[in-house]
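Please examine the sequence and the structure shown below.

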Amino acid sequence: MKKLVVLSGAGMSAESGIKTFRDHDGLWENHDVTQVASPEGWAADPHLVLEFYNQRRKQLYETRPNEGHVGLAELENFFDVHVITQNIDDLHEQAGSSKVLHLHGELKKVRSTVDESLVYELEGWQLNWGDKCEKGSQLRPHIVWFGEAVPAIEPAIELTQQADIFVVVGTSLNVYPAAGLLNYVSRGVPIYLIDPAQPMFTPSSNITFIQEKATTGVKKLINMLKPQQ
Ligand code: OAD
């Protein structure tokens, strides 16, 4: 089976009702990123940070995968599909994708502030000030904040290098190291880019731009890939 690697971003979940970050009325237009998504913000006002992610988590529990997520999961019938996602939701998993690598953490998980190897599934949507890990320290969202290392980037690079087909869905490719993964795609490997907005890199013969939202774009992708199974 050919290895099909997907890099997804916030646009993947937009049609499920989750706001993107940089579009008009996106999350970063309405929140100060350094206050809610950085170690400095956490140090200054952990209550604000906890509340920000509690609201995101609460919303996630009311959200369902869209046809784009489902379409990518169904591609597992024909390809060895690996999803690398910048999203912290679990909509790829809910749709049935079996190999999902989260670059920026997972909303439904929390971790210790003294030992980052202590990661827990949170029951329900609320993480509160005073909720502690087994070592007695405050728990924090299991999210990669700005200025923090991205431990999953190494396996993501490996997957990208092994890809026979590379698909990018719903990311502005503004945030590194995730955006840099494109540089690791092997020469000649076809790249499909699904996004309703214009891509920010120059066209080349191996890049096919599908200017669509994730739901309709994934459908088109599946039709294009059928001959390659
Ligand atoms: P952005 O908000 O930067 O980009 C969203 C992309 O999705 C844009 O290119 C939109 O054109 C596109 N888009 C909008 N609606 C869409 C739809 N229905 N279908 C497909 N695409 C659509 O989000 P990301 O690139 O994911 O990190 O942002 C990367 C990282 O920046 C996030 O993981 C987050 C953020 O700060 C952290 O919080 C650590």
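The points below cover the domains, the interface between them and the surroundings of the ligand.

The model is predicted. The protein chain is assigned two domains: domain 1 (1-17 + 65-104 + 144-229) and domain 2 (19-62 + 109-142). The shell around the ligand draws at least three residues from each of these domains.

**Domains and their contact**

- The C-alpha centres of domain 1 and domain 2 are 25 Å apart.
- Where the two meet, domain 1 contributes 16 residues to the contact and domain 2 contributes 19 residues.
- The size of an interface is often expressed as the accessible area that is lost when the parts come together.
- Between domain 1 and domain 2, the buried area is about 1300 Å², and carbon and sulfur atoms give 65% of it.
- Ala-10, Trp-145 and Phe-146 supply 50% of the area that domain 1 buries against domain 2, which is more than any other three residues.

**Polar and charged links between the domains**

- Four residue pairs are in polar contact across the interface of domain 1 and domain 2, counting pairs with both residues at pLDDT 80 or more.
- One salt bridge is counted between domain 1 and domain 2.
- The side chains of Arg-140 and Glu-148 form a salt bridge, with an N to O distance of 2.9 Å.
- On the side of domain 1 that touches domain 2, eight residues are nonpolar, five are polar and three are charged.

**Surroundings of the ligand**

- The ligand is surrounded by 23 residues, and the closest are Arg-22, Trp-28, Thr-171, Ser-172 and Asp-195.
- By class, this shell consists of ten nonpolar, eight polar and five charged residues.

**Atoms that approach the ligand**

- Gly-11 places a backbone N or O atom 3.1 Å from a nitrogen atom of the ligand.
- Phe-21 has a backbone N or O atom 2.8 Å from an oxygen atom of the ligand.
- In the case of Trp-28, an N or O atom of the side chain is 2.7 Å from an oxygen atom of the ligand.
- The ligand taken alone exposes 800 Å², and the protein buries 93% of that area.

Terms used: Residues are numbered from 1 along each chain as its sequence is written. This is a predicted model: local features need pLDDT of at least 70, side-chain atom pairs count only at pLDDT 80 or more; totals for chains, interfaces and linings use all residues. Side-chain values use heavy atoms; hydrogens and water are left out. A residue is near a molecule or strand if one of its heavy atoms lies within 4 Å of it. A polar contact is a pair of N or O atoms within 3.5 Å; within protein, one must be able to donate a hydrogen and the other to accept it, and residues adjacent in sequence count only if both atoms are side-chain atoms. Accessible areas come from the Shrake-Rupley method with a 1.4 Å probe; for residues, only the protein chains shown count as cover. Ala, Val, Leu, Ile, Met, Phe, Trp, Tyr, Cys and Pro count as nonpolar, Asp, Glu, Lys and Arg as charged, and the others, Gly among them, as polar. Domain bounds come from an automatic or database domain assignment. Contact means heavy atoms within 4.5 Å. Buried area is the accessible area (1.4 Å probe) that two parts lose on being put together, summed over both. A salt bridge is a side-chain nitrogen of Lys or Arg within 4 Å of a carboxyl oxygen of Asp or Glu.
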